Each structure stands twice: as structure tokens, then as C-alpha cells.
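Hi everyone, thanks for making time this morning. I'd like to walk you through one model, so let me put it up on the screen.

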Amino acid sequence: MAIYKRDLQVEKTAHTNWLLYSTPGIDTIALKEEISKTTEGETSLRYGMIPGYLKYDKARQNSIKGYQVETDFTQNRKVKTALRNLYGSKATDFPLGIKLRLVPILQDIAHNVKAQARYLRLRLQQAHFVKKIVKCQWVMSDFL
């Protein structure tokens, strides 16, 4: 029996990062378990809107979405470090063999203008990637 409505059964959660190249078709249960085992901290994946600067983005029906990594607030720093090692530039072994890119949340890079520009570019890259994947799935389903 769950105490909280969230997937992660802790009192307070924190968003650590979001995953670039994530789509709704990923097996989130297996990926979540693999990430939790590797980072040695409880994590959860939530498919939701990737925040931008504009307030009206929240109201848009077709907002840019991706998987966000949530963790227990008390383990936030430890899990962030482990995720950087897991999905870093020198990493060769990825959970479930799915190569995703770890992108920090907007609040973590609020002081760096270049990082903010990179963040917004990666956010648009996620939108184009998901659009292509969904379009490809629709085309493939027409032939079945």
C-alpha cells in the first residue's frame, strides 16, 4: 500500500536531471531499477514537461517532454554525482544499453549564460527527436 501518490515513496523528492533522447516507448520500470541499482539511491523516472523560460509553455498541449529523474531529497547530491559518472562523456556502459544524455535542470545552471543557451538548444533537440520517433512509429504502424 502506497502512502504517497508518487512513484517514489519518500516525503520530499527532488528533480536531479532530465534525459535527452528519452521517448515514451522506453521501458521505464527496468531503466529505473537499473539506475537505482547503479547509483545506490532510490530514483524514479517521470515523463513530463521540460521547463523553459516562457510561462505559457506550461499551458501548451504540445510542450516539450522527456524523462526527468527524481530522487529522495536527502540523497539528491549523491545521486547527481553517480548519474554524472553513469552518463558522462567517458562512459561506455549504459543502463540497459540505452545511451541517453544527462542534462541538468534549469535551476542548476541559472548563473551561467552559455550553459543556459546549451540547455535551450538541447531542449529543442529533444523536441525534434521525439517528433521524429513518433512520426516513424506512425508510419511503421500503417504497414502492419
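Let's start with the contacts: of those in the protein chain between residues at least 6 apart in sequence, 70% join residues at least 24 apart. Please keep in mind that this is a predicted model.

So what are the elements behind those contacts? The protein chain has three helices and four strands. Reading from the N terminus, you'll find them in the order β-α-β-β-α-β-α.

Now for burial and surface. The protein chain has 144 residues, and 38% of them are buried.

Next, a lysine I'd like you to look at. Lys80 sits in helix α2, which spans residues 76-86. Is Lys80 buried or exposed? Its relative accessible area is 13%, and because buried means under 20%, Lys80 counts as buried. And which residues does Lys80 touch, once we set aside its neighbours within four places in sequence? Those contacts are with Thr16, Asn17 and Asp108.

Let's turn to the outside. On the surface there is a patch of positive charge, where Arg101, Lys114, Arg118 and Arg121 gather. Which helix gives the most to the positive patch? That is helix α3, residues 113-142, with three residues.

Arg121 lies in helix α3. Arg121 has 51% relative accessibility, so it counts as exposed, the cut-off being over 50%.

That's my tour, friends. Over to you for questions!

Key: Residues numbered from 1 in each chain as written. Predicted model: local features only at pLDDT ≥ 70, side-chain atom pairs only at ≥ 80, totals over all residues. Heavy atoms only, no water. Patch = residues over 30% accessible without salt bridge, like charges linked within 9 Å, V, L, I, M, F, W, Y side chains within 5 Å. Areas by Shrake-Rupley, 256 points an atom, 1.4 Å probe, with all protein chains shown as cover. Salt bridge = Lys/Arg side-chain N within 4 Å of Asp/Glu carboxyl O. Lys, Arg positive; Asp, Glu negative; His and termini not counted. Charge placed at Lys NZ, Arg CZ, Asp CG, Glu CD. Helix = DSSP H or I, 4+ residues; strand = E, 2+ residues; numbered from the N terminus. Buried < 20%, exposed > 50% of the residue type's maximum accessible area, 1.4 Å probe, protein only. Contact = heavy atoms within 4.5 Å.
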